[in-house]
Amino acid sequence: MKKYDLRSDTITLQTDAMRKAMYMAEVGDDVYGEDKTVNRLQDMARELTGKEASLFVSSGCMGNLLGLMIYGGRGREVLCARESHIIQHEIGAVSAIANTIPIEVPSVNGLIDETVLEKYIRPYSYDMGHSAIIEVENTTSGLIYPIEKMKAIKKIAEKHGMKVHLDGARIFNAVVETGIPLTEWAKECDDITFCLSKGLGCPVGSMISGDKAFIEEAKRYRKMLGGGMRQIGYLAAAGIYALENHVERLKEDHDNCRLIADAIRGTSWGRVVTCGTNILFFTSDTHDIEKLVAAFNADGIMVLYEAGACRLVTNIGISKSDAEEIATYFRAFDPEAI
């Protein structure tokens, strides 16, 4: 059996057509606003989100950081789920760089419980932190925020004069799974980021969108963080190609993920924890899952051990026939043989 890389959708390699688009890109100096390809990508993101303006940034982490720096800052708090990326995977930049205090609020699998959210919003007092932002991650570990939950969170934020930052790294997975346009999700936040380098298959890059004043400030902070780039049209061209060609195909990743999840459910040793869009978490009630993950990797099924479970992510590099072979592998897997 060949090797299958299911560790993440960040490991995707670029298609020949995307590479050609990058090679042919018209470029200029983006610091001077002269890269026409970047400008086109930013216009596309602005139209897709329905916001006033958009900006290309090097990563989703930078996009999140910009939102926190602009709406947060010293003495200000961001309310977020314990499982959120800004807490778990961004090396404390929320505090170390954005000078913002993260406040964990009740959540289930990364989805904030909006019914108790207001209990964590501080009334004004000069000697306490100021509740400034609510951060939402959609999708979160593959799970989609129901749009009604997003609406409720935005309503709470507006009631208390707070901003909503949407970490939409995989928001297009939510779009294609629900059929709800990106503009509808974007209405329920003040600024939104989305990644080009995950399921969309680009080599690098994310977009951040908001009102004009926010994006002007984001551009200044991007420069401060070392993100003022020059002929980045080569990278932007990949983003344009992805938005035009790779969004709808995300449905294939979702179907493949469900196919593999069904195979796990049919085993005597596996238990699915969550299966949302293109991300599957499963464990075992009968065997040490960490040892099973090591066995999967040794057999060429490259996955991750995370939070007491096996994390598996389908992506553009996994075809339906690949998914079927992976499902066959799991159905035949004998944990007693390791």
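1. Thr139 lies in the loop between strand E7 (130-137) and helix H6 (147-159), where helices (H or I, at least four residues) and strands (E, at least two) are DSSP runs numbered from the N terminus. The model is a predicted one, in which local features need pLDDT of at least 70 and side-chain atom pairs count only at pLDDT 80 or more, whereas totals for chains, interfaces and linings use all residues. Residues are numbered from 1 along each chain as its sequence is written, and side-chain values use heavy atoms, with hydrogens and water left out. The peptide bond that leads from Asn138 to Thr139 is cis, with omega near 5°.

2. Ser141 is found in that loop between E7 and H6 as well, and its phi is near 50°, a positive value in a residue other than glycine. Ser141 is partly exposed, with a relative accessible area of 31%; here buried means under 20% relative accessible area, exposed over 50%, and partly exposed in between, with a 1.4 Å probe and protein chains only. Asn99, which lies in the loop between helix H5 (93-96) and strand E4 (100-105), also has a positive phi, near 55°, and is partly exposed at 32%. As background, most residues other than glycine have a negative phi, and most peptide bonds are trans.

3. On a 1 Å grid over the protein atoms alone, a pocket is an open set of points with protein on both sides within 12 Å along at least five of seven lines, a cavity is a set of points where a 1.4 Å probe fits but cannot get out, and lining residues have an atom within 4 Å of a point. Grid points are joined across faces, edges and corners, and a volume is the space filled by probe spheres set on the points.

4. Helix H3 (60-71) gives the largest share of that lining, 3 residues, while the elements that supply at least two residues each also include helix H4 (85-88) and strand E11 (271-276). By class, the lining of the largest pocket divides into 10 nonpolar, 16 polar and 9 charged residues, where Ala, Val, Leu, Ile, Met, Phe, Trp, Tyr, Cys and Pro count as nonpolar, Asp, Glu, Lys and Arg as charged, and the others, Gly among them, as polar.

5. The second largest pocket has a volume of about 270 Å³, and of its 16 lining residues the closest to the centre are Asp30, Gln42, Leu55, Lys219 and Arg222. Helix H9 (212-224) contributes the largest share, 5 residues, and the lining as a whole has 4 nonpolar, 5 polar and 7 charged residues.

6. Leaving aside residues up to four places away in sequence, Asp9 touches residues including Lys198, Gly199 and Asn278, contact meaning heavy atoms within 4.5 Å.

7. The structure holds 1 cavity of 30 Å³ or more.

8. The largest nonpolar core has 51 residues, of which Ile112, Ile134, Val136, Phe172, Phe194, Leu196 and Leu243 touch the most other members. Helix H10 (residues 233-245) provides its largest share, 6 residues. Such a core is a set of buried Ala, Val, Leu, Ile, Met, Phe, Trp, Tyr and Cys residues joined through side-chain atoms within 4.5 Å.
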